[in-house]
Amino acid sequence: MKEPIDYEARMDKIFTQGHLWNHRTLRTVFDPGSSEWDATSMNRKIEILMKVIENGEELDALIFDYKERYMEQDRHDIGRRVQEAVILLLGYNLKEGKRS
């Protein structure tokens with residue numbers, strides 16, 4: 001049976017055809033306390049997630065993999081920020097949708 005590709009490798013494949021992608025950890029979209037989050041706009045974060053989903057990734061599975069990665073590294077603080085990030089992104093997207 002084929003072993004699953006870790007989510008960072010999957011992101012590399014989606015965004016750079018296998019080369020290391022600068023946002024591969026996904027902290028830019030899932031960790032509001034990180035410098036990666038601060039360095040990208042909300043629109044860019046949403047674009048990233050849209051491209052990920054368009055390429056067949058399931059958001060719930062991706063979030064599970066992301067949280068598991070940081071829990072294994074004993075970085076529970078990072079893993080726990082996902083819910084906050086999703087709420088912020090959803091709120092932003094809903095507000096922007098009202099303006100369109």
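Author: Glu8 and Arg69 form a salt bridge, with their closest N and O atoms 2.6 Å apart. The term means a side-chain nitrogen of Lys or Arg within 4 Å of a carboxyl oxygen of Asp or Glu. This pair links distant parts of the chain: Glu8 sits in helix H1 (residues 7-16) and Arg69 in helix H5, 61 residues apart. Helices here are DSSP runs of H or I, at least four residues, numbered from the N terminus.

A word on the source. This is a predicted model: local features need pLDDT of at least 70, side-chain atom pairs count only at pLDDT 80 or more, and totals for chains, interfaces and linings use all residues. Residues are numbered from 1 along each chain as its sequence is written, and side-chain values use heavy atoms, leaving out hydrogens and water.

Glu8 counts as buried because its relative accessibility is 7%. Arg69, at 22%, counts as partly exposed. Buried means under 20% relative accessible area, exposed over 50%, partly exposed in between (1.4 Å probe, protein chains only).

Now H5 itself. Its buried residues are Leu62, Ile63, Tyr66 and Tyr70. Seen down the axis of H5, they fall within an arc of 100°, so they line one face of the helix. That arc is taken from the directions from the helix axis to the C-beta atoms. On the other side of H5, Asp60, Phe64 and Glu72 are exposed. After H5 comes Asp74, with a positive phi near 60°.

Helix H1 has another link. Arg10 meets Glu57 in a salt bridge (2.7 Å, N to O). Glu57 lies in the loop between helix H4 (42-54) and H5, and Arg10 in helix H1, so this pair ties together parts 47 residues apart in sequence.

Note on methods
Helices (H or I, at least four residues) and strands (E, at least two) are DSSP runs, numbered from the N terminus.
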